[in-house]
Amino acid sequence: ATSVDVECDVIPEETFPRRPALPAFAFGRNRRALPLTPHGAAVYEAFDAVRLAERVRRTPFVALTVKDVASLPRDPESLSYAVASRMPTDASRRWRQLAAGSTTERLRTTLTCLAEDDACDLSLTCRRCGVVVAKMSDIVVVSDGGAHGSYVNPGGVVHDMVTVGPDVAGQSTRCHGDPSAEHSWFPGYRWTIATCGTCGVHVGW
């Protein structure tokens, strides 16, 4: 086997503008130009980064987990990373989304994961017993970073967190001890230990 040393440049990911000669008319009300293109408007929309970004913006997940939707990046590439990083999913699945080869692929994968029409029915379950501890509609935003994030405790342990409303306590989870403001990750909020109401395993604070 032979080895060859080469120099290469990593080309930045970009979203190129639409070519006026092809899909520009397909997205407007005037669709007379469609017969001149090899595919219908639906095909272009399914792979158009700008249209995919708008679909992501309109998902219930974004409405529930972002304080100000208008503050999200307008650029499809930046939006794809911002939303993918907020997904309430395991690290390996989130990594696959973030490592997608293009903006279009990342947005399409995000939409598939969210299952737009059923996003509000997404459930957060206890890893040990599988019982539902919260639903998408229970998610609340208490920080500018959104409802999902990684936080470090005084001992240096990193916790992947999703913030949910107080209605969850007493139904699917149990809270233990007196609420404390010491070392709180969210200024103005107090915390107490929360366990699964079924099997008793620790599920958060």
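A disulfide is taken here as a pair of cysteine sulfur atoms within 2.5 Å, and by this rule the count comes to zero disulfides. The structure is a predicted model, in which local features need pLDDT of at least 70, side-chain atom pairs count only at pLDDT 80 or more, and totals for chains, interfaces and linings use all residues. Residues are numbered from 1 along each chain as its sequence is written, and side-chain values use heavy atoms, with hydrogens and water left out.

**Overall architecture**

- The protein chain contains six helices and seven strands; helices (H or I, at least four residues) and strands (E, at least two) are DSSP runs, numbered from the N terminus.
- Read from the N terminus on, the order of the elements is α-α-α-α-α-α-β-β-β-β-β-β-β.
- Of the 205 residues of the protein chain, 33% count as buried, where buried means under 20% relative accessible area, exposed means over 50%, and partly exposed lies in between (1.4 Å probe, protein chains only).
- The protein chain exposes about 13200 Å², of which carbon and sulfur atoms supply 54%; accessible areas come from the Shrake-Rupley method with a 1.4 Å probe, and for residues only the protein chains shown count as cover.
- Among contacts (heavy atoms within 4.5 Å) between residues at least 6 apart in sequence, 47% join residues at least 24 apart.

**Nonpolar cores**

- In soluble globular proteins, nonpolar side chains tend to be buried together.
- A nonpolar core is defined as a set of buried Ala, Val, Leu, Ile, Met, Phe, Trp, Tyr and Cys residues joined through side-chain atoms within 4.5 Å.
- The largest nonpolar core has 18 residues, of which Val 56, Phe 61, Val 62, Val 83 and Leu 107 touch the most other members.
- Two or more residues of this core come from each of helix 2 (49–57), helix 3 (60–65), helix 4 (76–84) and helix 6 (103–114).
- When its neighbours within four places in sequence are left aside, Val 56 is in contact with Val 62, Val 83, Leu 107 and Leu 111.
- A second, separate core consists of six residues, including Leu 124, Cys 126, Val 168 and Cys 196.

**A residue of helix 6**

- Thr 103 is found in helix 6 and counts as buried, at 3% relative accessibility.
- Thr 103 and Leu 79 lie 24 residues apart in sequence, and their C-alpha atoms are 9.1 Å apart in space.

**Cysteines**

- A disulfide is a covalent bond between the sulfur atoms of two cysteines.
- Cys 196 is buried, with a relative accessible area of 2%.
- The closest cysteine sulfur to that of Cys 196 belongs to Cys 129, and the distance of 3.7 Å is too far for a bond.
- Cys 199 counts as partly exposed, at 26% relative accessibility.
- For Cys 199 the closest cysteine sulfur is in Cys 126, and the distance of 3.6 Å is likewise too far for a bond.

**Salt bridges**

- A search of the whole structure finds four salt bridges, each being a side-chain nitrogen of Lys or Arg within 4 Å of a carboxyl oxygen of Asp or Glu.
- One of them pairs Glu 45 with Arg 51, the closest N and O atoms being 3.6 Å apart.
- Glu 45 is partly exposed at 25% relative accessibility, and Arg 51 is partly exposed at 30%.
- Glu 54 forms a salt bridge with Arg 57, with the closest N and O atoms 3.8 Å apart.
- Both Glu 54 and Arg 57 lie in helix 2, three residues apart, which is about one turn of the helix.
- Glu 54 counts as partly exposed at 26% relative accessibility, whereas Arg 57 counts as buried at 9%.
- The side chains of Glu 54 and Arg 74 also meet in a salt bridge, at 3.6 Å from N to O.
- This pair links distant parts of the chain, 20 residues apart: Glu 54 is in helix 2, and Arg 74 is in the loop between helix 3 and helix 4.
- Arg 74 is exposed, with a relative accessible area of 61%.
- Salt bridges that share partners join Glu 54, Arg 57 and Arg 74 into one network.

**Nonpolar surface patch**

- Trp 191, Ile 193 and Trp 205 make a nonpolar surface patch of about 260 Å².
- Patches are made of residues with over 30% relative accessible area and no salt bridge, with like charges joined within 9 Å and nonpolar side chains (Val, Leu, Ile, Met, Phe, Trp, Tyr) within 5 Å.
- Trp 205 is located in the segment after strand 7 (202–204) and counts as partly exposed, at 35% relative accessibility.
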